[in-house]
Structures are given as structure tokens and as C-alpha cells.
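Here are some notes to read alongside the model, written for someone meeting it for the first time. Please keep the viewer open as you go through the points.

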Amino acid sequence: METPSETSEVPSGADLLPVAFRRWFAEKGWKPRAHQLALLQKARSGKSVLLIAPTGAGKTLAGFMPSLTDLAERGRKKPGTAFQGIHTLYISPLKALAVDIERNLMKPVGEMGLPLTIETRTGDTPQGKRQRQKLNPPEILLTTPEQLALLIANAEAERFFADLRYVVFDELHSLVTSKRGHLLSLGLARLRRLAPGMQAIGLSATVADPLDLRKWLAPQTEDGEEAAADIVVAPGGARPLITILESEDRIPWSGHVARYAIPAIYEEIRTHKTTLIFVNTRSQAELVFQELWTVNDDSLPIALHHGSLDAGQRRRVEAAMAENKLRAVVATSTLDLGIDWGDVDLVIHVGAPKGASRLAQRIGRANHRMDEPSRAILVPANRFEVLECQAALDANYINAQDTPPSGDGALDVLAQHVLGMACAEPFSGDALYEEVRSALPYADLSRETFDRVLDFAATGGYALKSYDRYAKIRQRADGLWRVSNPQTAQQYRLNIGTIVESPMLNVRMVRKNKLGSLGRGGPVLGKIEEYFLEGLTQGDTFLFGGKVLRFEGIRENEALASQTFSMDPKIPAYAGGKFPLSTYLADGVRGLLADGSEWHRLPDQVRDWLEIQREVSSLPQRDQMLIETFPRGSRFFMVAYPFEGRLAHQTLGMLLTRRLDRMGARPLGFVATDYSLGIWGLDDMGELIARRKLDLQALFDEDMLGDDLEAWLDESFLLKRTFRNCAVIAGLIERRHPGQEKTGRQVTVSADLIYDVLRSHEPDHVLLQATRQEAAAGLLDIQRLGVMLRRIRGHILHRPLDKVSPLAVPILLEIGKEPVAGNASESLLAEAAEDLIRDAMQI
Amino acid sequence: MARLALAGMGEEEIGASVTSVAGIEFVCDPMGALYCEADGLLIVSDLHLEKGAAFARRGQLLPPYDTHATLRLLARVMDRYRPRLVVSLGDNFHDRVGSALMPQDCRALIVEMAKGRDWIWITGNHDPDGVSGLPGTVAESMAFAGLTFRHEPAKGTEKGEIAGHLHPAATLRRREKSVRRPCFATDGDRLIMPSFGVMTGGLDLAHAAFRGLFDRTRLIAHMIGKERVYPVSFAGLKG
């Protein structure tokens with residue numbers, strides 16, 4: 001817990017504090033902060049409240065102030081009194097955070113001698129303790145969204161939550177934008193029904209649109225009346241000191257590793273107490289970690305932390321961190337959220353931060369005291385990232401925010417919730433529909449869609465009504481929906497939650513004996529996605545857990561790997577943690593490009609790069625989009641610079657190549673980065689434009705988001721991946737649980753096959769609808785693409801060139817790194833078949 | 001899925017691949033069926049009919065369209081080759097009660113297809129009791145034209161065996177890319193059929209379950225492509 005301020009005058013509202021609190025503050029020589037009292041005051045008036053506060057502002061104590069003071073006044077429960085349900089529910093996105101809060105809350109509660117118990121309930125809580133919690137609940141229960149879903153789906157939920165007064169949501173900003181947030185919003189709607197007088201308290205970092213969060217906390221009503229929680233905003237802390245790393249070495253044109261900066265980063269680690277090094281992806285984490293150790297001549301304790309590593313190893317790193325035993329940790333977003341980590345005095349961000357809000361939060365990890373500035377260094381990995389880092393730095397100084405809006409509630413999540421509610425108690429369709437619509441993400445849900453989801457939960461929602469006899473929930477004569485059998489409730493409990501991981505395999509170290517055969521297993525290092533391992537053959541080397549490993553094969557459900565002394569591993573291509581460039585930063589980068597008077601802030605080599613670009617081609621104005629066409633080798637290229645992020649560019653690339661093909665321009669392929677999109681083909685697209693055979697305005701017309709998009713979506717492999725997630729969340733496909741996998745013959749059905757069958761027989765099925773909705777918002781970034789196409793209408797600047805321009809170099813270097821999908825796999829097959837024929841013809 | 005699209009294609013576009021087992025010539029059809037012209041014999045394996053319903057019975061409501069889709073593919077193959085004898089090599093239904101509980105319209109499709117020809121239902125581990133209420137003969141295995149037809153391949157190398165059960169699929173690696181497809185696997189002595197059912201997965205030829213079944217130096221994977229079958233030698237899969 002953060003220490004409250006020692007300086008400010010006693011603000012108004014201090015008289016709201018019970019004696020125990022006033023005495024405690026006095027003994028510590030502290031005074032309550034203004035926002036802590038403001039929140040208490042608003043909560044006392046019966047309203048739900050959103051608290052926006054920077055890290056280190058005493059946010060947690062503020063969040064618990066209403067319930068702690070309430071409980072202090074209520075006094076201890078007398079033995080022998082009737083059952084009392086929980087008083088306060090605290091929900092955090094991370095298990096570790098709940099445990100951390102328990103520790104930090106116990107201290108003041110103990111010192112004040114408050115009459116209450118605090119307990120956690122997570123996936124790790126033993127069965128016996130869970131049972132006991134149900135019979136004899138603590139006053140304050142600290143838990144996660146998944147546990148809440150389980151609790152409200154229980155037959156005893158009504159009794160358990162009847163006395164609930166407060167529910168506190170920590171790190172609310174990070175929860176609401178995901179499907180987890182959708183499920184949580186439905187849980188909140190249910191809590192409100194179970195305990196009508198209950199108040200919600202949200203704790204959040206600074207966000208772009210606080211109104212969104214305020215509405216999320218309040219029940220939405222049909223008449224459109226503005227329903228929103230009250231708000232308290234704590235003042236910001238000292239300005240962070242952020243710089244961009246200056247390096248003598250050449251900044252690369254492309255790539256994401258920032259190898260050039262490793263010596264400079266190491267030097268910073270040496271001169272600081274504890275450094276947190278953030279990267280954007282797990283493979284970046286592995287590479288930066290390995291590179292740091294190759295220059296670690298002083299053998300400084302430098303550790304690695306990312307989501308695929310073995311949990312035990314992660315816990316050890318966290319513990320060592322808390323005890324200040326480490327000098328540096330290389331980490332991905334797994335360390336983003338507000339757990340307390342010892343004395344971090346420097347944050348280094350390798351690669352561009354991709355969003356201004358994300359950067360602000362990561363910087364907040366350093367120096368947890370509000371009145372001292374945090375210290376951070378940005379390390380761009382390539383030239384475009386220099387521009388992006390500069391834009392992010394500017395944004396942080398003006399406190400700009402670019403958190404995404406929460407979005408429409410996902411239907412697969414709703415299907416899961418409907419089943420859960422049937423497990424709790426029989427429900428009427430009308431009442432549940434009303435309850436669901438009180439949750440912000442589902443406020444606009446139509447009755448028809450709700451009924452289709454209900455039908456899905458019952459019998460699969462198929463037009464062919466052949467599963468009535470296998471229904472999971474049934475509507476009985478009294479009109480209420482009930483679970484058909486106990487097995488359904490059990491299946492529901494096993495499949496709860498919205499986090500779907502790709503199938504993963506344990507990576508186990510093995511040793512080769514003298515005869516070359518594999519010995520018995522050594523330690524498990526962590527997990528890697530199955531699809532990555534399937535692409536490996538025995539002898540391939542890859543980087544994992546900071547080691548170069550040699551792949552030996554898959555035995556049962558484990559991947560076996562041995563140590564190797566190879567220094568040049570095949571890079572782990574596993575996904576995870578790739579954020580797209582935020583709209584806000586994209587605009588900043590465009591502004592920086594357009595305004596030459598700002599370039600003096602950039603490194604010399606980057607400035608030279610832009611100046612040459614301006615000379616040989618053009619730099620677009622802030623509202624323009626530049627397109628360059630030029631020949632190179634035997635191909636012709638067209639490079640566009642929309643700066644709208646990789647996802648939107650990928651979608652644009654797919655759609656543009658379809659169109660170019662139809663216009664007869666014979667495109668061959670494309671590659672997309674966060675900044676630009678390169679298309680190459682057999683025809684000179686520049687000449688086609690000059691001869692008016694190709695109309696750029698028509699090519700980039702917004703109508704591509706109509707039929708072309710539909711046609712492409714239907715054959716896209718991206719949809720299959722999305723479908724699998726939706727099918728698992730909705731309960732159509734069961735999750736794979738550890739230890740449950742069968743060896744050899746598959747007993748599960750592949751989601752791809754189900755997708756194919758469903759799409760060819762019932763393309764309008766509600767789960768396919770959910771899949772398209774999710775893909776459009778997430779993987780394809782269609783909304784952003786639409787905004788961009790409107791923005792550039794009439795503002796396309798075409799530059800025909802006779803050779804590649806400086807700005808186009810980075811994207812040309814990306815060509816060949818991207819996998820090619822679609823018809824390419826057929827030609828690989830044909831090629832292999834020809835090999836066989838050739839072999840056969842040899843005498 | 002490629003095969004679902006194939007069901008609507010014209011005759012002339014089909015690119016089958018030719019192979020021989022114990023000296024008898026067969027064509028591997030891209031829909032996943034094996035045909036012997038000389039004997040008018042059509043072989044399919046692992047139809048796993050009523051798989052969706054079998055899962056639904058256990059509480060997982062998978063789409064109820066798989067039986068219909070599989071039978072439609074089978075009807076297309078029948079139209080193409082007009083066989084005198086059909087052998088379905090076991091795991092015809094996904095569970096024991098599948099054939100008894102199959103919807104009437106699907107049953108009618110099979111009755112229609114079986115008209116004027118013989119049909120042998122080999123039993124498999126999923127349907128050890130055979131099929132009920134359908135035309136044709138149920139058998140554990142069958143010997144015909146010097147070949148043995150059974151569901152599960154016998155242990156060790158075996159001359160002249162045609163089997164199913166393992167759902168073979170091959171992974172081809174070229175230039176850091178990989179393509180995985182169902183395949184007919186044969187070394188000239190034995191052939192293992194790909195699974196025919198639309199909701200069935202595959203098992204990689206490199207998996208331990210295939211160990212000892214083939215002479216790998218002669219093993220060829222007839223990989224099922226979009227419109228053709230591509231024969232690739234086992235050694236050539238790694239590129």
C-alpha cells in the first residue's frame with residue numbers, strides 16, 4: 001500500500017472518519033488525502049463512484065475506505081447470530097494482485113484493530129477453504145472475475161451475496177475493453193439484482209474517456225436516461241523524466257530487436273539500482289535478455305519474466321524483485337499492472353510503446369512515490385520507431401490518453417453467462433433479458449439476438465432442430481428455464497472464463513546420453529504454443545526461457561528439448577503481446593513527418609533520412625496519404641503510408657490486392673507494418689495510374705468495406721482462429737485441461753472442421769455472427785480502416801519514382817519475413833510431387 | 001474445407017493419383033476414396049457418421065450437419081465411379097448407437113446409394129457392433145482379390161492389407177513453410193486410408209502409431225490437395 005501524503009491540510013470530510021481511523025492517521029503522522037475523503041463522502045450519499053488516480057496516490061486505501069469505515073461502525077458480529085453474507089467484494093484482474101492487496105490491507109486493518117476478516121478466493125484456493133467461505137463468509141472477499149462468475153452461478157449465490165454492500169473493481173481500465181470485462185459487467189448486473197442497495201466502486205488509471213467507465217459502473221436503463229457513477233479525480237504526480245536513448249550506433253531501418261542499443265542499455269543498468277525493461281512481445285523479451293547476458297561482464301543479476309515461462313520460475317523472479325535482489329528484469333505486459341515491486345528507479349522501454357496510455361502506466365512502475373519524478377528511457381528499434389517514440393514522449397508530457405473504448409458485448413460471453421444463470425436458479429427469459437441490458441456492453445442488445453443466444457445455450461441454436469432431446473437447458477411449464485441435468489452444471493464450471501489460450505505444450509529439458517538416445521526428463525521450462533512446435537523438426541534450435549534449446553521431438557504431450565551451444569537460434573515465432581499502433585500516436589507521427597521545424601529534436605541520422613526523402617520523393621501533410629510507385633528488380637511496387645497500425649494495414653492489403661487483381665494490375669503479394677503497406681506485382685502500377693487505367697480514388701474508396709470485405713472474410717484463415725475462441729467461450733467446444741489430453745488418436749474435434757461444416761450449412765448461425773463481430777473489431781480493425789478511408793478521400797498524394805525511396809526501405813526489408821497463406825500452399829504440394837516424379841525418372 | 005467445395009466440381013477437373021498395392025492398381029481420389037477399376041471396387045474409411053449427435057449426447061452440441069455433408073460427398077464419389085461393390089472400412093458411425101438413432105432422411109440417402117450394388121460395413125473400434133437398419137453386410141474383415149480389408153492395421157508389415165483407423169495426414173515442409181493434409185499412405189504392400197468423415201481430424205505420419213507399419217524407404221503419402229492428389233515420398237516431406 002502506498003503511503004498517504006504527509007503534507008496537505010486536513011480536508012473537508014475528515015469528520016466522516018470513525019475514531020479508529022483518526023487515531024491511526026494521527027499515530028502515523030499522516031493525514032487522509034482529499035480524494036480519499038471525497039470518495040468516502042460520495043459513497044456515503046449512496047452513489048457508485050469511479051476514482052481516477054495515478055500510481056502511488058493511495059488508490060487502494062481510498063477504494064476500501066467506504067467499506068472499512070462502514071464495517072468499523074457496524075462492529076464485530078456476535079457469536080451465534082444468524083448467517084451474514086459478505087460485505088465487500090474486491091475484484092482484480094490478476095490473482096497476484098488480490099494476494100498483494102490482502103497483504104497490504106491487513107496491516108492498517110490490524111493496526112486500527114478493525115473487527116473484520118479479509119480472505120482471498122482464487123483458482124489456487126483449496127477446496128476446503130472454499131467450502132468454509134460459503135458457510136462462514138469473511139467480511140471482505142478478494143477475488144478475480146472468473147471466481148465471481150463461478151460464485152454467482154452457484155445455487156447459494158442469493159444467500160451469499162444478500163448482505164453485499166460494496167464491490168470494488170481494481171484496474172478497471174484494463175478490464176473493461178476485453179471479453180473478460182463483458183463477463184464481469186454481466187456479473188455486476190447479477191450482483192445488483194441479488195443485493196439491490198449495493199454500490200460499485202471503480203479504481204482506474206487515467207483514461208481517455210472516463211464517462212465510459214462511469215456508465216459501466218451504473219445500471220443502464222431503457223429510457224436512455226444518463227446513468228453513470230459519480231467521479232473523483234486525484235491530482236497527478238510529478239512529471240516523469242522521459243528521454244529517447246541516444247546512441248552512436250546506426251539505428252536500423254527495420255526490425256524489432258534494438259541490438260544496436262544493448263551496450264547502452266547495459267550501461268544504464270550498471271548505473272541504476274533496479275531497472276525494469278519492458279518489451280512488446282515475448283520473442284523480443286527472449287532476444288533482449290539473451291543479448292544483455294552476452295555483454296554482462298559484471299554478471300549482474302538480470303532476470304526474464306513473460307507469460308509462457310513456468311509459473312514457479314515467474315514467482316521466483318517476482319520474489320527476488322520484491323527483495324531488491326535483481327538489478328534488471330526484462331518483461332512483457334505480464335508486469336504491466338499495479339503490483340508493488342521493490343525499488344525500481346528506471347524503466348527502459350525497448351521498441352515503440354504503441355500507445356500513450358500504455359507508456360504512462362509502464363513508466364509508473366518506476367518510483368512508486370508520487371512527489372518524485374519517474375525516470376524512463378525509450379529505445380526505438382528502428383527509424384520509424386524513433387518518430388513514434390518522439391510522438392509518445394510528447395503525448396506523455398501533455399498527459400494525453402488513448403485507451404480504447406469498451407465496445408459492444410460479445411455474444412459468446414453472453415451465451416456462457418446464460419448457461420451459468422440457469423445453473424444458479426431457474427430464470428425467466430424476460431427478466432434475464434432486462435438484467436443483461438442493464439450492463440453497459442449489452443445495453444443495446446435486441447430481444448431477437450438475446451433469444452437466439454438463449455436458443456444456442458439450450459440446443460445449439462441450429463436451424464435443423466435435431467437436438468431437442470439433448471437440450472442443456474429447458475423451458476418448463478411454468479415458463480422458467482432450468483438446467484436439464486447436473487452434468488451441464490459441471491461442464492459449465494470447467495469451461496468458465498473468457499481467456500482462451502492456444503493449445504500449449506510443456507517444454508521439458510532432456511539430456512542426451514553417450515549413445516545419443518534421450519535420457520529421462522529434466523525440469524519443465526514453461527509452455528509453448530503447439531503450432532509453433534509443429535513447425536519444428538528435430539535438431540532445430542530456438543530461444544526459450546533465456547536458453548538456446550535444441551528441439552528433440554514430442555513425446556506424449558510434452559516437447560523435449562536439449563541444451564545446445566549454438567549461438568544462432570531459430571527465433572521463437574510464437575505470438576502474444578503484439579499491440580497495434582494507437583490512433584493517437586499515429587496522428588502524432590504524421591504530424592512530426594509533416595512539420596520539418598520539429599525535426600531538430602530527432603537524431604541526426606533520422607533527420608537526414610527524412611530530408612533525403614523530402615528531396616527525392618515527398619513527405620505527406622498531416623491529412624494526406626502518400627503513395628509511391630517504383631520498379632525494383634523484376635517487380636513493380638506500390639507503397640502507401642497510412643500510419644494506421646499493422647492490423648488495419650493487413651486488412652487493407654488483402655482488400656487492395658483483390659481490387660488490383662480485378663482491375664487487371666496483376667498483384668503478387670503485400671506486406672504490412674504499423675506505418676506502411678507495400679504491394680508488389682507484375683505490372684507498373686505507377687504507369688497504370690498515369691495512363692488513367694488505375695484510379696487511385698476509386699481504388700481507395702470506402703466501398704471496399706462492403707462486398708470485397710464479405711468475400712474475403714469468408715475465405716480468411718483469421719476467422720477460423722477467432723471462431724475457435726468464440727466456440728470455447730460459448731461452450732460449444734470444451735476446454736482442454738492439463739493432464740486431460742489423450743495421447744495418440746484425437747478425441748476432440750478440431751474447431752476448424754466445425755467451422756467449415758457450420759459455414760457451409762448455416763452461415764447465419766449466432767456463433768458465426770459472434771465470430772465476424774469479433775474479427776471486425778479486433779483482428780481486422782475495420783472501424784479504424786473506415787475512418788482512415790474517409791480521412792484520405794481527396795487527399796491522396798501519388799509520387800511515381802524510378803527507384804525505391806528512403807521511406808520505403810523499411811517495408812521492403814520486411815518482405816520475405818511474413819508467411820504467405822492461400823494458394824501458395826498448393827504450389828508447395830505441386831512442387832514436392834514433381835520432386836517425386838523427377839526422382840522416379842532418374843536412372 | 002477443400003473437400004466440401006469439391007462436391008460441386010465438374011468431372012474433368014478431378015486430379016486423382018494412381019498407386020498399386022500388392023500389384024493391384026488403385027486410384028486415390030481427392031475426395032478421400034480409393035477405387036479399383038478392375039473390380040469395380042470403391043473403398044472409403046472412417047466415415048464417423050453421426051459424430052455431431054454423439055457429442056450432443058454427451059452435452060457438447062456440435063453442428064448436426066456432419067452426417068449429411070459426409071453422405072453428400074460419398075454420393076458424389078459414387079456418381080463418378082459407379083462401383084459394383086462398396087467397402088466402408090470401419091468407424092462408420094462415431095458411436096454404438098449412431099446407426100440406430102440416425103435421422104430418417106440420412107438413412108434414406110444411404111438406402112438410395114446402395115441400390116444395385118453390394119455394400120460391406122467393416123466394424124471398427126467406434127462401432128464394434130456394426131450397423132443396424134441399413135442395407136449391406138457387416139463383417140469384421142474381408143478378403144478379396146488377394147487383399148485383406150480391415151479397420152485397424154495388423155501389427156508389423158503386411159503384404160496386401162488395406163486399412164483405416166489411423167486417419168493419416170502428412171506435413172510437407174519447404175522453405176520454412178509447412179502444409180499439412182490428410183493422405184493415403186502406402187509402401188506398395190499396405191495402404192492406410194485417410195478418414196472420409198467431414199468432422200474427423202488427422203494423425204501425422206511421423207507419429208509413433210505408424211511405426212513399424214511401413215517400409216519407410218518406399219512409403220509414399222498421397223496428399224489431398226484442393227483439386228488434386230499429390231504423391232510425395234516420405235523422405236521428401238522434409239524437403
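How do the residues of the lining of the second largest cavity divide into nonpolar, polar and charged? Point 3 has the reply.

1. **Before you start.** This is a predicted model, in which local features need pLDDT of at least 70 and side-chain atom pairs count only at pLDDT 80 or more, while totals for chains, interfaces and linings use all residues. Residues are numbered from 1 along each chain as its sequence is written, chains are lettered from A and ligands numbered from 1 in the order in which they are written, and side-chain values use heavy atoms, with hydrogens and water left out.

2. **The seven-stranded sheet.** In chain A, look for an open sheet of seven strands with parallel pairing, in the order β3-β4-β2-β5-β6-β1-β7. Strands here are DSSP runs of E with at least two residues, helices are runs of H or I with at least four residues, and both are numbered from the N terminus; two strands pair if DSSP finds at least two bridges between them. β3 (118-121) and β7 (230-233) of chain A are at the edges with a single partner strand each, so one side of each has no neighbour in the sheet. From one strand to the next, the twist averages 20°. Inside the sheet, β2 (residues 88-91) and β4 (residues 140-143) of chain A run parallel and are joined by four bridges; Thr88(A) has Ile140(A) as its bridge partner in β4(A). Helix α6 (residues 145-152) of chain A packs on this sheet, touching β2, β3 and β4 of chain A, and its direction makes about 135° with that of β2(A). Helix α9 (residues 179-194) of chain A also packs on the sheet, touching β2, β5 (166-169) and β6 (199-204) of chain A, at about 170° to the direction of β5(A). Contact means heavy atoms within 4.5 Å, and angles run from 0 to 180 degrees between N-to-C directions, with axes fitted to C-alpha atoms, for helices over the stretch in contact.

3. **The second largest cavity.** Both of those helices turn up again here: α6, α9 and α16 of chain A each supply at least two residues of the lining. Among the lining residues are Pro145(A), Leu148(A), Leu183(A), His417(A), Met421(A) and Tyr492(A). As for the opening question, the lining residues divide into nine nonpolar, two polar and no charged. Ala, Val, Leu, Ile, Met, Phe, Trp, Tyr, Cys and Pro count as nonpolar, Asp, Glu, Lys and Arg as charged, and the others, Gly among them, as polar. The volume of this cavity is about 60 Å³. A cavity is a set of points, on a 1 Å grid over the protein atoms alone, where a 1.4 Å probe fits but cannot get out, and lining residues have an atom within 4 Å of a point. Grid points are joined across faces, edges and corners, and a volume is the space filled by probe spheres set on the points.

4. **The largest cavity.** The count comes to eight cavities of 30 Å³ or more, and the largest has a volume of about 170 Å³. Of its 17 lining residues, Leu419(A), Lys472(A), Ala730(A), Gly731(A) and Leu732(A) lie nearest its centre. Helix α16(A) gives the most to this lining, with three residues. By class, the lining has nine nonpolar, six polar and two charged residues.

5. **A buried pair of helix residues.** Gln36(A) belongs to helix α2 (residues 34-44) of chain A and is buried, with a relative accessible area of 1%. Leaving aside residues up to four places away in sequence, Gln36(A) touches Gly58(A), Leu61(A), Ala62(A) and Met65(A). Of these, Leu61(A) is in helix α3 (residues 59-74) of chain A and counts as buried at 3% relative accessibility. Buried means under 20% relative accessible area (1.4 Å probe, protein chains only).

6. Strand β21 (residues 625-632) of chain A runs parallel to β25(A), joined by five bridges, and Leu626(A) stands opposite Leu797(A).

7. **Chain B.** Chain B has five helices and 16 strands, and 60% of its 239 residues count as buried.

Key: Buried means under 20% relative accessible area, exposed over 50%, partly exposed in between (1.4 Å probe, protein chains only). On a 1 Å grid over the protein atoms alone, a cavity is a set of points where a 1.4 Å probe fits but cannot get out, and a pocket is an open set with protein on both sides within 12 Å along at least five of seven lines; lining residues have an atom within 4 Å of a point.
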